[in-house]
Amino acid sequence: MGEFLLVTIQVDMYDRLALNLENDLVTMIKKVEAKGVLIDISAVSIVDSFMGRILGNIATMSKILDAETVVVGMQPAVAITLVELGLPLPGVHTALDVEKGMLLLQKKLNFYEEDEDGDLDQHDSTE
């Protein structure tokens with residue numbers, strides 16, 4: 001997806017799988033010089049403190065490698081659990097769905113600029 005990596009998590013994660021995801025994702029960011037990571041967790045129904053910490057770690061490591069992280073598709077129960085666990089998820093941006101998440105990544109990387117009306121216009125890098 002160009003400068004972005006899209007990760008769709010289709011199963012509830014257990015610790016070893018989450019650690020493998022963290023390692024694989026950070027390796028891919030470096031390998032393809034990704035500028036953005038979009039993680040779709042819409043199929044995830046349970047998040048524990050370990051998984052929350054892994055999401056935060058991925059965002060922190062991505063930022064160190066000059067990439068932004070957006071988590072999309074969070075179920076309400078997952079959001080409630082993360083708040084109840086007291087996990088602030090620093091560096092993790094969120095959006096409701098993949099489309100809005102991609103738009104957020106593009107905006108964060110200045111692919112789009114807001115005009116006077118607040119609408120997003122595609123940035124022309126040749127200017």
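Strand 2, helix 2 (residues 49-64) and strand 3 together form a right-handed β-α-β unit. Here helices (H or I, at least four residues) and strands (E, at least two) are DSSP runs numbered from the N terminus, and a crossover is right-handed if, with the strands pointing away from the viewer, the path from the first strand over the helix to the second runs clockwise. Before we walk on, a word on the model: it is predicted, so local features need pLDDT of at least 70 and side-chain atom pairs count only at pLDDT 80 or more, while totals for chains, interfaces and linings use all residues. Residues are numbered from 1 along each chain as its sequence is written, and side-chain values use heavy atoms, with hydrogens and water left out.

Let us step back to the whole chain. The protein has four helices and six strands, and along the sequence they follow the pattern β-α-β-α-β-α-β-α-β-β. Of its 127 residues, 35% are buried, where buried means under 20% relative accessible area, exposed over 50%, and partly exposed in between (1.4 Å probe, protein chains only). Among contacts (heavy atoms within 4.5 Å) with a separation of 6 or more, 72% are between residues 24 or more positions apart. The protein exposes about 7700 Å², with carbon and sulfur atoms supplying 52% of it; this area comes from the Shrake-Rupley method with a 1.4 Å probe, and for residues only the protein chains shown count as cover.

Now to the strand pairs, where two strands count as paired if DSSP finds at least two bridges between them. Strand 1 (residues 4-8) runs parallel to strand 2 (residues 36-40), and five bridges link the two. Between them the chain passes through helix 1 (residues 15-32), and this β-α-β crossover is right-handed. Strand 2 is also joined to strand 3 in the parallel sense, again by five bridges, with Val 37 standing opposite Thr 69. Strand 3 (residues 68-72) in turn pairs in parallel with strand 4 (residues 92-95) over four bridges.

Leaving aside neighbours within four places in sequence, Val 7 contacts Leu 21, Leu 25, Leu 38, Ile 39 and Asp 40. The C-alpha atoms of Val 7 and Leu 25 are 8.5 Å apart, although 18 residues separate the two along the chain.

Thr 69 counts as buried because its relative accessibility is 1%. Its side chain also makes a polar contact of 3.3 Å with that of Ser 62; such a contact is a pair of N or O atoms within 3.5 Å, and within protein one must be able to donate a hydrogen and the other to accept it, with residues adjacent in sequence counting only if both atoms are side-chain atoms.

Helix 4 (residues 98-108) has Gly 101, Met 102, Leu 105 and Gln 106 among its residues, and these four are buried. They lie on the same side of helix 4 because they cover an arc of only 135 degrees around the axis, the arc being that of the directions from the helix axis to the C-beta atoms. An α-helix has 3.6 residues a turn, so residues three or four places apart point the same way. At the start of helix 4, a side-chain oxygen of Asp 97 comes within 3.3 Å of the backbone nitrogen of Glu 99. After the helix comes Asn 110, with a positive phi near 60 degrees.

Glu 33, in the loop between helix 1 and strand 2, has a positive phi near 50 degrees without being a glycine. Leu 89, in the loop between helix 3 and strand 4, is likewise not a glycine, and its phi is positive at about 50 degrees. Are they buried or exposed? Glu 33 is exposed, with a relative accessible area of 63%, whereas Leu 89 is buried at 13%.
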